[in-house]
Amino acid sequence: MNFQPGKDTLKREFKTVGTRTPRPDGLDKITGRAQFGADMTAPGMLWGLILRSPHAHARIKSIDTSKAEAVNGVHAVVTSADFGPCPDDVLDVRENVMARGKALYDGHAVAAVAATSRAAAKQALKLIKVDYQVLPHVTDVDEAMKPSAPIINSKLFTKGLEKTPRKPSNVAERFEFGHGDVEAGFEQADLVVERTFKTEATHQGYIEPHACLASMGTDGKGDIWCCTQGHFMVRQVCSALLGMDASALRVTASEIGGGFGGKTTVFIEPVALALSLKANRPVKVVMSRAEVLRASGPTSSTSIDVKIGMKKDGTITAGDATLRYQGGAFPGSAVPYGAMAAFACYDLKAVRAVGYDVIANRPKQAAYRAPGAPMAAYAVESVVDELCRELKLDPLEVRLKNASSDGSKASYGPNFDVIGLRATLEAAKTHPHYRAKLGRNQGRGVACGFWFNFGGETSVSLNVSADGTVGLSVGTPDIGGSRASIGNMAAEELGIPHDKVRCIIADTASLGYNDVTDGSRVTFASGLAAINAARDAIGKMCERAAGLWGIPVDAVTWEDGAARPSSPNAGKHEPLTLADIAAQAGATGGPISGHCEINAEGAGVSFATHLVDTEVDPDTGHVKVLRYTVFQDAGKAIHPSYVEGQFQGGAVQGIGWALNEEYIYGEDGRLQNPGFLDYRIPVASDLPMIDAVIVEVPNPGHPYGVRGVGETSIVPPLAAISNSVSGAAGVRMTELPMSPPRVLKALGRI
Amino acid sequence: MQYHAPATVKDAVKLLAASKGSTQVLAGGTDLLVRMRSGFSEPDNIIDIKRISPMCKIARDGKGFAIGAAVSSAEMSENPALAKAWPGVVEAAALIGSTQIQGRATIAGNLCNASPAADSVPAMVAAGAKALIRGPKGKRQVAVEKICKGPGKTVLKKGELVEAILLPAKPARTGDAYLRFIPRTEMDIAVAGAGVCLTLDAKGVCTAARVSLGAIAPTVLLVNKAAQALVGTKVDDDALDALAKACSAAARPIDDKRGTKEFRIHIAGVLARRAAIIARDRALGKS
Amino acid sequence: MVKVQVWGSLKPALEGADEIELEAASIREVLDQLSDRFPAMKQAITRGVSVSVDGRMYANAIMVPLKPDSEVFVLPKLVGG
Amino acid sequence: MFQIQISTSINGDDTEFSCEPDETLLDVLRDRLGMTGSKEGCGTGDCGACSVVVDGRLVCACLMLGAEAQGREIETIEGMADGTELHPLQQKFLDHAALQCGVCTPGFLVAAKSLLERNDNPTEEEVRYWLAGNLCRCTGYDKIVRAVLDTAKDMRKPAKAKKPAARKRVKA
């Protein structure tokens, strides 16, 4: 019964899908009763606090916890010694959640305490004596790559080279993508522009700090309540780190106050679990904002060279990029995705993207909305913009001329299926925004962006109640309204009103495994699974109807929420609604439910085009965003309000990245701005309304044509804003953020 | 830690003078509580002055205004007489933090916190404000620009607190203004700030001026040379250019996470120029 | 024969070849043969790879059937935000 | 430390609690009174997720000591709906999909209510500046601002006199 991509036809007529229904979690969230990570308590609960390294790079010679343990109210103190052997794939996580031998960045956890009050825990933290031998450090990506840089991991030898080097370095891996003869391509060009760009690290900036409540008994069973994008991931990683059976640990995902990729890994959960195990009491750990910024996972900072050749008519002849991403103290920056996504918007005969994964004394980077792609798009789209300006060509026309389209070969290898890049460009071209007049010191920027979008492992369970209502359990935490979208898809498929379906996020004991909520996969994959589960239940309901009617099941069809004879030959029978069948479920064979367990394939890639107008104050370098319009392919917008919300939210995060957000490290390797005062995310008064134009080019891989929408929206803004500011200022900007001092300097005013 | 909420200034002074260990006066608390949370400040005593009713009031007499030390920025904005007389000071106070912060933050607290970037301080300095200090030995008045000795340090002695900020009655044809630069539109600490207060004669010639700069030195500066650039002029472009130049020349800032040295030097002049135009227009009754 | 291309940092693992052709009926057969022939690939595959078959991406799926003329790309494992 | 006994009113209910002298009102609400609707996003007054109203004045609960609550009247998100009757802002936030993750929502609602009580006809700019101390990372503020403006429109009565503008802004 599962949807077969490429075989089954797509549904195009909808009743519930495409409407703006109220969200199932709405009331709880507007009345303050929704329970987020930090909102849960347990009987006998202790407060856990984590001691963090003040040094960017230091050998930990010893840790003396005896005085902390003696504090009244303290029930447990843990260090890396409390985390035993673990499988290879979680070694880095183990070291990141608790430093072993060396502190690798400012904020790296070195010990933790659990006490009856926060005050006692705070007092105990102060009494832990850590003897550090401070080591030389490096935080800048280009500096970290130099042969003279301090070596952070003496066992790190660059992978991906023809020959593995004999000397360790901070370069973990080299990646290369592309096809065709790039040098020959540049020779055909009338103009070749080559530029180097730098971007500083940013943070996802979710308003809810990481929080968890862990309870671990001496019987080996445990529970965790936490805000996460993937509670099954939390279960796998924590059980592996604590050496316990995965099924002995139940993880419940709380409401999550923003993630954007930053909650796809663990930071405090294993520590809380270890404290709980030692204290034999539940332990709550809540990060402070400073801890979030110092010690969760920001993005990479990057340094990127881009070279592009163009003919006078706007044809791009070749593109070449070298991307260097610093991903913190462990390998695994987002550089491969940056390298793959860099030129994805262009159908090129000759393209090459080389990526270097670099480590530095900073917190281990985590995913942030289309990880790695915004910086790559920033560099590439800036150079395309410069070529257009130099050759006096319209930036939308040039993009249309070179745009990837159905079947064209992606810069990262495969051929594209049905894609919507052109549709977004056409929509931008005809939008009034594109023709609006600009004033003095104002500029307009255009940029495109791409993200892969994922499917992945997904499990959904759908239960039909005797009264004809439906419970829908999914395992992908809802970070932006997905319960509404998934519930609506199930309602659509079943043919019942949306408010007869209640969608919840089930815990890890109640449902099959689910990959994390990432890669813009949830509305696609959990939606697909919900549709399949509904079809499974429909099949069972048709069987019950067939039994009641005494006709073969293949003579029963499901339409508009009821089983009906499929043809007059099947006999005359009044339709049996879902509620009719549900009422007789017990008598006709037992409870009715539908299930789907899949590794969802067929996720459709997503493209967007952004238009932005800015004004630059030539005396202060201040940039004001005047107007912003997002054009993005959603495949099919299940809930248009939340699709718009994703477009708007992504655009604004991109605006922040472009203008004011940055990690600022001092000479001492310490983060200078670990708070919302100086880590400057956009505030309401910084922004205009963000117009969101939904383009729908259905994805053949989903029964309703859904494409993920969450991530692509953050890919174009960095470049769009930079192109706009460069136009307004009359000088090419090559470094992010474009903070006022940088803009004023570029203008030659200081 | 002990929390005290005295009902009179006298009791507050008594508590301050008698307190052992470190003691902090709590007005709006928008700086103090942040410092306490981050561990930078761990006072043994807190003296909350918001239960002292005279300190929660804005008083006006022939000599001007007395703004009690516990009066919030929001209350200042809501006082039409004050906003009419000293719009620069009121607007500066209204720039401190968010609406939420406005409901608590006080200009006396802003002054005593002794940050070089305090928004209300350059405006107060330009306006010629004085701090009314009460201590075990009685009252004294000190010009606002003399209160801060350096970041976090004031001239207040053991047992002393600021009871009120005194603003003079506004002379005729006088206008004041304060502008600051921040990277966003709200919620940031000033990268630089400039306060200007000037008086014009009937012909529009500047007869007196005070120009102050914030966040470009360890303390807020009163820049006499910049004021001199305005006095005797009609505050025209040449005078404004000279003002900007004098302000940039007086700035001796640092590089930090909020801005570079060169940026601050430049911006000090830009802000002073823009503030002077607003002050001039106010003096002319244009706004 | 299925055409297999290996990309990203995996490329050097093919010991100089840009593209290889294999008799394989599923992703699993492709990955098994790559692991057998190229020791460096084995390590990479154990760490996790994404595979694109005729333009469609698969993460961590090995049972996907291939057509005789399928175009297969082996890519670094994808993560999202 | 000695705990302090406090009598106060929260959402109209007489409430007594004891707290440490250095505990914030937010700590008291969340950890002592179980009122977790006010959220801690920063603890430094920079995000507005803990917005509450004290004696009619919008403040951050993280920047006020619990001890200061003696004799005050405190309003929190938990008291915003009148029984089963949602406040118009709450309804508009639902209608406009003005929330995604929802963690900032209580703070925005409390702050927006405080604005509309002072100014029933705010401009978009006034709404944006009033709410500048409330951070939202999901929505880009667009739908939030629309929901507030739409609520104001609905709540406005022609006869009602307009109070002075919320906050005036000077731009550098």
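Chain D and chain B bury about 3,000 Å² between them, with 57% of that area coming from carbon and sulfur atoms. Here buried area is the accessible area, taken with a 1.4 Å probe, that two parts lose on being put together, summed over both. The model is predicted, so local features need pLDDT of at least 70 and side-chain atom pairs count only at pLDDT 80 or more, while totals for chains, interfaces and linings use all residues. Residues are numbered from 1 along each chain as its sequence is written, chains are lettered from A in the order in which they are written, and side-chain values use heavy atoms, with hydrogens and water left out.

**Where chain D meets chain B**

- This contact (heavy atoms within 4.5 Å) takes 38 residues from chain D and 36 from chain B.
- There are 4 salt bridges between chain D and chain B, each being a side-chain nitrogen of Lys or Arg within 4 Å of a carboxyl oxygen of Asp or Glu.
- B:R104 and D:E68 form a salt bridge, and their closest N and O atoms are 2.6 Å apart.
- On the side of chain D that touches chain B, β4 (57-60), α3 (105-118) and α4 (124-130) of chain D are the elements that give two or more residues; helices (H or I, at least four residues) and strands (E, at least two) are DSSP runs, numbered from the N terminus.
- β4(D) gives the largest share of that side, 4 residues.

**Where chain A meets chain D**

- Here 51 residues of chain A touch 43 residues of chain D.
- About 3,800 Å² is buried between chain A and chain D, 58% of it on carbon and sulfur atoms.
- A:I30, A:I207 and A:M689 together supply 20% of the area that chain A buries against chain D, more than any other three residues.

**Polar links and elements between chain A and chain D**

- The rule finds 6 salt bridges across this interface, including one between D:R137 and A:E661, whose closest N and O atoms are 2.7 Å apart.
- Polar contacts join 23 residue pairs of chain A and chain D, both residues at pLDDT 80 or more.
- α1 (26-31), α19 (640-659) and β26 (690-695) of chain A each give two or more residues to the side that touches chain D.
- α19(A) provides the largest share of that side, with 9 residues.

Conventions: Polar contact = N/O pair within 3.5 Å; in protein donor to acceptor, adjacent residues only side chain to side chain.
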